[in-house]
Each structure stands twice: as structure tokens, then as C-alpha cells.
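Colleague: Could you walk me through how to read aromatic pairs and strands in a model like this one?

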Amino acid sequence: MVAPRRPNRPFQAQPRSPGLPLIKSPGASSSSFLSAILVSGSTGIHKESVGAEGWAHSVAVVEVRIVATHEFSKADLHALRELLDEAFEGGFTDDDWDHTVGGLHVLAVENGIVSHAAVVERLLTAADRPLRAGYVEGVATALEHRGRGHSSTVMREIGQLIQAHFELGGLSTGLPDFYARLGWELWPGPTYTSSRRGPQRTAEDDGGVMVLRTGSTQHLETTLPLMCEWRSGDVW
């Protein structure tokens, strides 16, 4: 769910050995996609969950943590769900939560979680070409921390994960201008979802689906039909 719109197949994580820190310092190497790292960042501003109130120009330096769903404590998962419920002002459903968990979460942390975005693995099909996609869910910043660049920071990190581990990035949003600044582009072609009866049009989602190209999809034609796997709740 991205502003305010929407795991399929969970990533396969390497279990952490007891005693290993959840957060690694910048530059630490890991062979597992579902690793936890620590970076710092500052930039931009994002008014994602409350509508297009505009852009601010403050700069924030935050700690950014990348954590797999299974590495959260119960308390932290509860805190994350509370943040999303508050940020989406009651519009964040149980289906949206199910779509958000199962992959990686990028968190801006400042005495607790203040901003969040998740990336989960989905299969997107452009015409007849299946693509392993990193799909973005649950982009939100706590109300009292908006205007400080947190969402831009977490989404830049999401973009790096997608570039490193997927063929394409995908998301659905009502605020395309924010994502366009970070390299995302609208998919102008028609959208579909799979079903037992074959592809079903999702015309209501046309114009709201965005993609992030990677090295393997630099020349992908975006006027083609794009299909996602069906899921309960919002399919995109």
C-alpha cells in the first residue's frame, strides 16, 4: 500500500547466528538479500500519506535500518502497524498489512520508527515477459516527523535494493510526482491481474502504477500490457 493504495512469495532469508548484531555498519558485506545493514542519509521531503500538501526544504540526518520481517520483535511489529494505521488515517487494512510483510523493511529510526517502506517480491509480466519485481508497500512517515526528508531517504534505499536484486521495481500510488523525483516512471500501458479465467483488466489502476528500471529492463517498452499476480485486497 503506497499513499494510500496497497507477501506474495516471501524472500528466503539466511538465519542470523545468535550473537550477531541485527544492524551492521556501512560497508559490511552480506551474501543474503535479507540482511540488516545501517546507513545514514539526508535529503528531500515527502508528504506521502496525507495528500499533496507540497514539499518542504528541511534536511534531516537519520539512521536507516534494513530489516527482514522475521527479524522484528513482536513489539516492533506492533509499533510498525500502529505507525501505518496512524499515517493512513484508518485506511490501512489487514490486507494492506499482509502485503507489506514478508520481505525487507527500510526504517528511518529516531528514538523509534519514524518512517517506513517495504519491498516484497512479486511476479510482474510485461506482455509475455515475466519479470522478478521488487514491489514497494507501506510507504509512510509518522505525522509529527513529516517535512524532514525521511520518506525520500527510505525510498532511495529501497531503490538501491531493487537495482541490486530485481529486474524491475513496481508500486501503485496516487502521488506520482514524489516517486518521479527518485527515478520512478508511470506505466502508461494497460494493467491487468491474473485469474483462473485469464488476465483481468484493472482499468481503475491505470495511470497509478509506477516502475523503476534496472540494468536488465532499461529498454523495456512501457506501453505494453502489465500484469500482476492476483491477491486479496488491492491487487496493485
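Modeller: Happy to! Keep in mind that this is a predicted model. Take F92: its relative accessible area is 5%, and because buried means under 20%, F92 counts as buried. F88 is buried too, with a relative accessible area of 5%.

Colleague: How are F88 and F92 arranged as an aromatic pair?

Modeller: A pair of aromatic rings is described by the distance of the centres and the angle of the planes. F88 and F92 are stacked, at 5.6 Å centre to centre with 25° between the planes. F178 and Y179, in turn, pair edge-to-face, at 4.9 Å and 70°.

Colleague: Now the strands. Which residues of β6 lie on one side and which on the other?

Modeller: In a regular strand the side chains alternate between the two faces of the sheet. In β6, L168, G170 and S172 are on one side, G169 and L171 on the other, and all are buried. With 5 of its 5 residues buried, β6 is therefore largely enclosed by the rest of the structure.

Colleague: Which strands pair with β6, and in which sense?

Modeller: β5 pairs with β6 in the parallel sense over 3 bridges, and A133 has L168 as its bridge partner. β10 runs antiparallel to β6, joined by 5 bridges; there, V211 is the partner of G170.

Key:
Residues numbered from 1 in each chain as written. Predicted model: local features only at pLDDT ≥ 70, side-chain atom pairs only at ≥ 80, totals over all residues. Heavy atoms only, no water. Buried < 20%, exposed > 50% of the residue type's maximum accessible area, 1.4 Å probe, protein only. Helix = DSSP H or I, 4+ residues; strand = E, 2+ residues; numbered from the N terminus. Pairing = 2+ DSSP bridges. Phe/Tyr/Trp six-rings, centres within 6.5 Å; stacked < 30°, edge-to-face > 60°.
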